[in-house]
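Student: Can we go through this model together? I'd like to start with the ligand.

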Amino acid sequence: MHTSWSELANPEVRTLTPYEPGKPIEELERELGIAGAIKLASNENPFPPSSAVLAALREALPSLNRYPDGSGFYLREALAKRHGVSADQVLLGNGSNELIELLLRVFMRPGEEVIMPTPSFVVYPLVTQGAGGTKVEIPLREWRLDLSEMARAITERTRLIFIANPNNPTGTIVTADEVRQFMGEVPERVIVVFDEAYYEFAQGPDFPESVAYLREDRKVVVLRTFSKIASLAGLRVGYALAAAECVGLLNRIRQPFNVNSLAQVAALAAVEDEEHTRRSIAAVEKGKQDLYRQFRALGLTYVPTRANFILVQVPDAASIYAALLREGVIVRAMGGSGLGGALRVTIGTPEENTRLIAALRRVLRAESQ
Ligand SMILES: Cc1ncc(COP(=O)(O)O)c(C=O)c1O
């Protein structure tokens, strides 16, 4: 009797739909035999890391024979100072993705419930299901998280709630007032995870100061990342701010060297590089206004965003996505998230935005013929 690998796998894993990342530029170029493709599909910062970060990386290269500092001492110290917490309230991760996984492994047992918005970051349902949890998916209302429905969904079995703020793929936020009211409805024992991967782009007086809930001793975890604002998606480094006791528990199952030396060095240089942050925010703001104008000129509607990407509605997302690929432009079709007619496009450099619009204009014209 032959046993297949699938029969041996956990049923939760066997039935998972794998995460599909944005198509890599090199892959499209290989497939089409072209050069100069552009990628506006993974909400990366279109600009390279700052020169200070690159210099720090070059300096660190000769020490790669050594293992990383497993405690990430200097980076945690710098982040603690930046956020007004103590270093034992900071946990580094191999991207914030890893921290999502660690949180579920530590705080959720099979069969317990995790409340999450939908559509939202696809890693929440993926990891919940993979760990044998029950996904409680609460639909967005008018493109925004429906916090009152999320609060209403809490049961005795609820362990964690994910709040993506801004939400991916819509770019919408929940405000400080809305979060304050929501937190009033969440029982003390339920962990609220504020996933703020696009935090820096979203700033404004209405944006919640989620770290304040840590000081109030609420069960909250704040996730941030160097993948977006700091242009370091390729190095994989994110972090959690949480109570020291929570960090201690997460540390027990984290791989000892989960954040590599180059990632630590680059992130440390990036924390101190306010100029890069300012320039990136300004470029995204300018690109956003340019794209809004061009979408309107094309007769397309979009969801106003507080992040570095825009959800834009199109007549047939799957075929427009494919036609854009043939133009050498990679975006994201959001068909899988209950958003049949939408593309998510990352705000790129001015040149990339211009290419996107030119390609979109040609594709829409061809589609309508
Ligand atoms: C809402 C949200 N959270 C987390 C992440 C993961 O970021 P990383 O693992 O690169 O830190 C992303 C990346 O796209 C995201 O959109």
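Student: Which side chain atoms sit 3.0 Å from an oxygen atom of the ligand?
Tutor: That's an N or O atom in the side chain of Asn 97. A polar contact here is a pair of N or O atoms within 3.5 Å; within protein, one must be able to donate a hydrogen and the other to accept it, and residues adjacent in sequence count only if both atoms are side-chain atoms. Keep in mind that this is a predicted model, where local features need pLDDT of at least 70 and side-chain atom pairs count only at pLDDT 80 or more, while totals for chains, interfaces and linings use all residues. Residues are numbered from 1 along each chain as its sequence is written, and side-chain values use heavy atoms, with hydrogens and water left out.

Student: What about Thr 225 and Lys 228, how far are they from a ligand oxygen?
Tutor: For Thr 225, an N or O atom of the side chain is 2.5 Å from a ligand oxygen. For Lys 228 the distance is 2.9 Å.

Student: How much of the ligand's accessible area does the protein cover?
Tutor: It covers 94% of the 400 Å² that the ligand has on its own (Shrake-Rupley method, 1.4 Å probe; for residues, only the protein chains shown count as cover).

Student: Which helix gives the most to the shell around the ligand?
Tutor: Helix H6, residues 95-107, with three residues. Helices (H or I, at least four residues) and strands (E, at least two) are DSSP runs, numbered from the N terminus.

Student: And by class, what's in that shell?
Tutor: Three nonpolar, six polar and three charged residues. Ala, Val, Leu, Ile, Met, Phe, Trp, Tyr, Cys and Pro count as nonpolar, Asp, Glu, Lys and Arg as charged, and the others, Gly among them, as polar. Phe 121 and Asn 168 are among the residues surrounding the ligand (near means a heavy atom within 4 Å).

Student: How many aromatic pairs does that give?
Tutor: Ten. Take Tyr 67 and Phe 257: their centres are 4.8 Å apart and their planes at 20 degrees, so they're stacked. Tyr 67 is in the loop between H4 (51-60) and H5 (73-83), and Phe 257 in the loop between H11 (244-253) and H12 (261-271), so this pair ties together parts 190 residues apart in sequence.

Student: Is Tyr 67 buried or exposed?
Tutor: Exposed, at 67% relative accessibility, while Phe 257 is partly exposed at 40%. Buried means under 20% relative accessible area, exposed over 50%, partly exposed in between (1.4 Å probe, protein chains only).

Student: What sits over the ring of Tyr 199?
Tutor: The charged end of Arg 224, 3.5 Å from the ring centre. That needs NZ of Lys or CZ of Arg within 6 Å of the ring centre and within 35 degrees of the ring normal.

Student: New topic: where are the cis peptide bonds?
Tutor: One runs from Thr 118 to Pro 119, with omega near -5 degrees. Another joins Asn 168 and Pro 169, at about 20 degrees.

Terms used
Rings of Phe, Tyr and Trp (its six-membered ring) pair if their centres lie within 6.5 Å; planes under 30 degrees apart count as stacked, over 60 as edge-to-face and the rest as tilted.
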